[in-house]
Amino acid sequence: MPYIDPEVVLEAKRMDLLTYLRNYESTELVKLSRNTYTTRTHDSLKISNGKWMWWSRGIGGRSALDYLVKVKGLNFIEAVETITGKTASRSPVYVREKPNTEQRPLLLPEKSKTTDKVFEYLFNRGIDFEIISDCINKGYIFESLPYHNVVFVGYDEHEKPKYAAYRSTNSIKLMGDCSGSQKQYSFRLDNGYSDEVHIFECAIDLLSYATLYKLQGKNWRNLNLVSLAGVYSPKKDIESSKVPIALDNFLSKHQETEKIFLHLDNDIAGRNATKVMQFLLSDKYEVIDSPPHSGKDFNDFLCFKLGIQKVSERSLER
């Protein structure tokens, strides 16, 4: 195998895809909006904010090197030599992107006409059929194309989609937020009347709790359920930490809220996040720590209650 100096490899890795295409394959680059681009060959490949994502294949990265290997099919040595060869003949011009003061539009994937894969995936994780159906009918959940991922959508006060998270429905662990997502409008089931709110790390745990609530013979539609759209990571200095933006936005719109139930994970991150939120919110609200009785999260707990063996997911290198 040919030897390449590590410093040369490091230099090749520094080049982002947008710079590479602008300088060396400009005819391949297509501008979609102020800071979003695609390629002429692959219109589902989007470049934005220093990253790129090939949505039709579920493949993403940051550098031009990633692109040459994952999209164009070059081996690692060929990709490094391609970049170094081009930069040797003509030095690249780096264009600093102007800070985008405007909110990027939410880019939702294409919607499938069927929902079979989504129903199967969620039902196999114990989520109640009625709850799944209700969320699909209201547009809170849909099945995307071409890989039939489940997409969880969050809306603003005008019922316009402002947030979306995707998750694969097969054994590959692929998940993330759609470009342009605003976490303050994360996935939620909001009844608009209760003086209580229940907080979760992700949409699956939220739906699992609603299912458990229904299994107790209670009406899950009476609950305010909010996902934080990911793990909340407070600062080391607790006093300088901020309330998660999804919860902060909900509380600002629901002044009647008196109780906050924190249903975060039974792991170090979840326990630390709970302590910090209790510290930040207890002066104004009754904050109750209510993790699952067993398992890492509420979906683990639900599957245990129903006797469901969860299918292990393997991570996809992205």
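**Entry 1: Asp-190**

I looked up the accessibility of Asp-190 in this predicted model and found a relative accessible area of 38%. Asp-190 therefore counts as partly exposed, because that class lies between the limits of 20% for buried and 50% for exposed. I then located Asp-190 in the chain: the residue sits in the loop that links strand E11 (188-189) to strand E12 (196-200).

**Entry 2: Charge around Asp-190**

Which residues gather with Asp-190 in a patch of negative charge? I noted Asp-195, Glu-256, Glu-258 and Glu-286, and the patch lies on the surface.

**Entry 3: Strands E3 and E4**

I turned next to strand E3 (residues 45-48) and strand E4 (residues 51-54), which pair through four bridges in the antiparallel sense. I recorded Lys-51 in E4 as the bridge partner of Ser-48. The hairpin of E3 and E4 has two residues between its strands, and Asn-49 there takes a positive phi near 55°.

**Entry 4: Strands E4 and E5**

I followed E4 onward to strand E5 (residues 59-61); the two run antiparallel and are joined by three bridges. I found that Trp-52 has Gly-61 in E5 as its bridge partner. How many residues lie between E4 and E5 in their hairpin? I noted four, and Gly-58 in the turn has a positive phi of about 70°.

**Entry 5: The whole chain**

Finally, I looked up the chain as a whole, which holds ten helices and 16 strands. Its C-alpha trace spans about 70 × 45 × 40 Å along the principal axes. Of the 318 residues in the chain, 46% are buried.

How values were computed. Residues are numbered from 1 along each chain as its sequence is written. This is a predicted model: local features need pLDDT of at least 70, side-chain atom pairs count only at pLDDT 80 or more; totals for chains, interfaces and linings use all residues. Side-chain values use heavy atoms; hydrogens and water are left out. Patches are made of residues with over 30% relative accessible area and no salt bridge: like charges are joined within 9 Å, nonpolar side chains (Val, Leu, Ile, Met, Phe, Trp, Tyr) within 5 Å. Accessible areas come from the Shrake-Rupley method with a 1.4 Å probe; for residues, only the protein chains shown count as cover. A salt bridge is a side-chain nitrogen of Lys or Arg within 4 Å of a carboxyl oxygen of Asp or Glu. Lys and Arg count as positive and Asp and Glu as negative; His and the chain ends are not counted. The place of a charge is taken as NZ of Lys, CZ of Arg, CG of Asp or CD of Glu. Buried means under 20% relative accessible area, exposed over 50%, partly exposed in between (1.4 Å probe, protein chains only). Two strands pair if DSSP finds at least two bridges between them.
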